[in-house]
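Hi there,

Here is the structure I said I would pass on. Have a look at it first, and my notes follow below.

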Amino acid sequence: MAFPGYGAPQGGFPGMQQDPLFGYFSAVAGQDGQISADELQRCLTHSGISGSYQPFSLDTCKLMISMLDRDMSGTMGFNEFKDLWQALNGWKATFASFDRDQSGTVEGPELQQAITTMGYHLSPQAMNSIMKRYSINGRIPFDEFVSCCVRLRALTDHFRRRDTSHSGNASFHYDDFIQVTMSV
């Protein structure tokens with residue numbers, strides 16, 4: 001995979017130079033070794049990960065960072081970037097498989113199939129809410145699809161951490177609920 005305009009890493013962390021993504025990451029991250037939302041937006045645009053689809057919005061980039069921001073820095077380190085890259089490639093493949101007419105969008109039934117394929121089993125009411133939030137004239141572009149996937153993954157992760165008995169039920173204090181939903 002080529003990353004136009006980005007050379008080999010300078011310095012870095014032991015072992016990471018072997019990873020082809022590290023050179024790209026370090027060129028984007030700069031001296032601080034972290035990628036901010038605007039840097040992520042630029043690097044994803046330059047990388048071509050969105051292919052012929054529209055580039056990612058800044059809001060989607062912020063969501064991607066918050067999904068993987070283990071150290072709560074508001075930025076993304078190399079391991080977080082690697083995890084994101086892997087997730088993005090998976091979401092892109094899923095989206096492309098359901099964008100059969102290659103219009104750059106999926107419709108409601110296709111979105112439901114894609115979400116089910118990813119292991120989420122949502123009610124028709126939840127799917128209706130997702131369609132209202134992410135669709136434009138009944139169609140969901142790739143950027144919004146990724147935004148939806150990020151939110152589903154992050155909300156599911158937060159829920160699972162609180163569903164300690166694995167019963168499908170979790171308790172949230174109001175303040176905790178607000179923090180979870182606002183961070184996602």
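Which residues form one aromatic cluster? They are Phe22, Tyr24, Phe25, Phe78, Phe81 and Trp85. Rings of Phe, Tyr and Trp (its six-membered ring) pair here if their centres lie within 6.5 Å; planes under 30 degrees apart are called stacked, over 60 edge-to-face, and the rest tilted. By that rule there are ten aromatic pairs.

Before the details, a word on what you are looking at. This is a predicted model, where local features need pLDDT of at least 70 and side-chain atom pairs count only at pLDDT 80 or more, while totals for chains, interfaces and linings use all residues. Residues are numbered from 1 along each chain as its sequence is written, and side-chain values use heavy atoms, with hydrogens and water left out.

Now the overall layout. The chain has eight helices and two strands (DSSP runs numbered from the N terminus: H or I with at least four residues for helices, E with at least two for strands). Along the sequence they follow the pattern α-α-α-α-β-α-α-β-α-α. Of the 184 residues in the chain, 42% are buried; buried means under 20% relative accessible area, exposed over 50%, and partly exposed in between, with a 1.4 Å probe and protein chains only. Taking contacts (heavy atoms within 4.5 Å) with a separation of 6 or more, 54% are between residues 24 or more positions apart.

Back to the aromatic rings. Tyr24 and Trp85 make an edge-to-face pair, 6.4 Å centre to centre with 65° between the planes. Tyr24 sits in helix α1 (residues 20-29) and Trp85 in helix α4, so this pair ties together parts that are 61 residues apart in sequence. Both residues are buried. Phe25 and Phe81 have ring centres 5.6 Å apart and planes at 45°, so that pair is tilted. It also links distant parts of the chain, with Phe25 in helix α1 and Phe81 in helix α4, 56 residues apart. Phe25 and Phe81 are buried too.

Next, α4 and its neighbour α3. The axes of α3 (residues 58-68) and α4 (residues 78-98) come within 10 Å and cross at roughly 120°. Axes are lines fitted to C-alpha atoms, for helices over the stretch in contact, with angles from 0 to 180 degrees between N-to-C directions. The two helices are therefore oblique to each other (under 35 degrees is roughly parallel, over 145 roughly antiparallel, 65 to 115 roughly perpendicular, and the rest oblique). On the α3 side, Met64, Met67 and Leu68 meet Glu80, Asp83, Leu84, Leu88 and Trp91 of α4.

Trp91 is worth a click. At 8% relative accessibility, Trp91 counts as buried. Leaving aside neighbours within four places in sequence, Trp91 is in contact with Met67, Met118, Phe142, Phe145, Val146, Cys149, Val150 and Arg153.

Last, two loop residues. Most residues other than glycine have a negative phi. Met72, in the loop between α3 and α4, has a positive phi near 60°. At 68% relative accessibility, Met72 counts as exposed. His166, in the loop between α7 (142-162) and α8 (174-183), has a positive phi near 55°. At 71% relative accessibility, His166 counts as exposed.

Cheers
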